[in-house]
Amino acid sequence: MKKIFNVLMIAAAGLFVATSCGSPKKMAESADEVSVSCNPQVLEVIAGNIKADVTVTFPEDFFHPKAVVEAVPVLVYNGGEAALDPVMLQGEDVTENYQVVPKLGGTVSKTFEFEYAEGMENSHLELRMTVIHKDKRIPFTAPYKVADGANTTYMLVKTNGTLAYAPDAYQAIIPEQNEAQILYLINSATVRPSQLKSDEIKDFQEFLKNIKADERREIVSTDIIAYASPDGKEDFNAKLSERRAKTASDAFNKKINNKDIAVEANVVTSNIEEDWDGFQELVSNSSIEDKDLILRVLEMYSDPAVREREIKNMSAVYTTLKKDILPELRRARFIANVEFTNYTNDELIALVNDNIEILDEEALLRAGSLLKDPAQKAAIYMKAIEKFNSDRARINLGVAYLAMNNNTEAANALAKVSDKNNAYYNNAAGVIELRKGNNDAAAAAFKKSSLKEAQYNLAAIEILNGNYADAAAKLNGSNQFNEALADILTNDLAAASKVLGDAQCQCKNYLKAIIAARQGKADAAKAALKIASEDKALAKRAENDIEFAKIR
C-alpha cells in the first residue's frame, strides 16, 4: 500500500512539473500565450533601412527549462521575403550561451533592421518561432504578425536640385563724369582768356553740346571745385580758393556754358583751401627724385604748416616741386555729372535678336536672365563666353544645361570655370553629383556655397539621410515641395498644408492626400489622390502606399 502511495506521489509530482513548466510540444501549441509587440506598429523606411523594436513576453511556466526557442524575424513583401539572423533563447537548464528565459517568465526586447528593397512598401513583419529540444524542431503553430510596413514617404523627395544663375552687374542707370580744368597763376584768382580757349575746355564744351542731343544721357549736376596749392599761409590760401571758386563759377556761366550750349543743370560750387590730396597724387605719379621721402612726410605729419616746412627743408626737391607740381594745383575743376539710361529689358531682348554684338558682358548676362527658354539662355551665354571669356557665363551655361536635364553638357561647361570657389559654381556642381546619386560629393559642394539654393539642396540630402528636422530647418521659407515633405516627415501637418496652399499639381496633391489621410479625412484624401493619380507613377505608388491603408 505504501509502495502504491509513493508511486502515486511521484506521478503527481511529474504531472505538476509537466503542467507548470509545460513540454516543448506544449510550448509550440500555446503560441497565443506569448505576447509580441513592436514599435512602431507601422514600419517606416529611413535612409534606406527599416528598423523595428520588437518585444516578446513569455508568461510564467511557459518556457521549458531544457528547451531552446529560435525566433526568426522575417519581412514579407510583394516579391519575396527577407529574413534576419535568428534570435536564440534558452530555458534555465540549457547549457548554451543564449539569452535565458526563466520558468517565471520574462520579456525579451530586440531591435531588427532590414535593408529596404523594392516592394517592401507593401509588407508585414512576422516573427517565426521554433522550439528545439533533443534535436527535434517543433514550429510554433503560427508565426506572429508583428507590424505592417513600410512607410516610404521620404522617397518622394525631389533630387533634381534647385538651380541658381550667377547674377549680372547690369545697371539701369550708369553714372558718368566728364571734366576739364583751368589753371591760375600763383596767388591769383583771375581767369586768363587763354585758359578758356584750351583744347581741354573746347572738348568739354563739345561734350556739353552733344549731351543735349543724346537721348540716353542727362547732366544731373555740375561741380565747380576751386583749389589753392599747399604752399603759402593757410589763411591766405583759404581766401584765395574762395575767390577762385567765384571767378571759376562766373567763367562757367558766361563763357563755358554759353548761350550756344546752355545746358541746364544744378551747379554746385565749392573750394578746397590747400590741395594736399592733389599734391600727393601728382607726386606719387611723378618721377621726382626722393618722392618716397616726400610721401613719408605727408604720412607722418597731418599739420599743413609742419608738412610745408619739412618739404621746404628739402631744398633741391622743393625747387622741382615749385616748377612741376605746385602750378598744377592752382586750379579750378568743372565736373559734369551724367546719368546714362541703359537699355530696357525689352530693348535688350530686341538687341539679342537684331544686334547682339553691341552688348557688353553685363548686358548679355542680363539678357540671359530675362529669357525663360534654357536653350535660348544657353545661346546668349555662349556669346558672352566667346566675346568676354566670361566665367559667370560658363556657370550659367552649365545651369541652363541642367535646366534642360543635359547633365553631360552641364559638366563640360562647369569644368571650364576658373573660379572653383564661386558659390554659384559649387551649387551647380553639387546638383550634378546629386543627380548622379553621389550624395557625399554633392553635400561637399553645397557646403562650399553660401546660396540659399545650396541649403535647399543640402536639405534634400538630409531627407535621404533621415535627418528630417535638419531638412525642415534648411527649407523653412522656401515654399518648395521638399519643404512640405520635410514638414510631413516631422509630423508638422499644419506647416505642410500652409506650404502646399491651393496647389493643383499632381505631386503636391499627393502630399495633400497624405496629410488628409493622417488626419482621418478620407474624402479630402481621396479628392487629392484623384488629382495626383493623373500622374501614372503616382497612381501606381498610391496602390501600395501604406499612408492610404485606412482609406482604401
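A salt bridge is a side-chain nitrogen of Lys or Arg within 4 Å of a carboxyl oxygen of Asp or Glu. The model is predicted: local features need pLDDT of at least 70, side-chain atom pairs count only at pLDDT 80 or more, and totals for chains, interfaces and linings use all residues. Residues are numbered from 1 along each chain as its sequence is written, and side-chain values use heavy atoms, with hydrogens and water left out.

**View 1. Salt bridges of R217 with D214 and E176.** The closest N and O atoms of R217 and D214 are 3.1 Å apart. R217 also pairs with E176, at 2.8 Å from N to O. Because E176 lies in strand β12 (residues 173-183) and R217 in strand β13 (residues 217-227), this pair ties together parts 41 residues apart in sequence. Strands are DSSP runs of E, at least two residues, and helices runs of H or I, at least four, numbered from the N terminus. Relative accessible area is 24% for E176, 26% for R217 and 25% for D214; each counts as partly exposed (between buried, under 20%, and exposed, over 50%; 1.4 Å probe, protein chains only).

**View 2. Helix α8 (residues 304-313).** V306, R307, E308 and I311 are the buried residues of this helix. At its start, a side-chain oxygen of D303 reaches to within 2.9 Å of the backbone nitrogen of A305. K312 and E308, four residues apart in α8, form a salt bridge of 2.9 Å, N to O. K312 is partly exposed at 38% relative accessibility, whereas E308 is buried at 12%.

**View 3. A network of salt bridges.** E357, K383, E386 and K387 are linked in this network. The structure holds 24 salt bridges.

Notes
A polar contact is a pair of N or O atoms within 3.5 Å; within protein, one must be able to donate a hydrogen and the other to accept it, and residues adjacent in sequence count only if both atoms are side-chain atoms.
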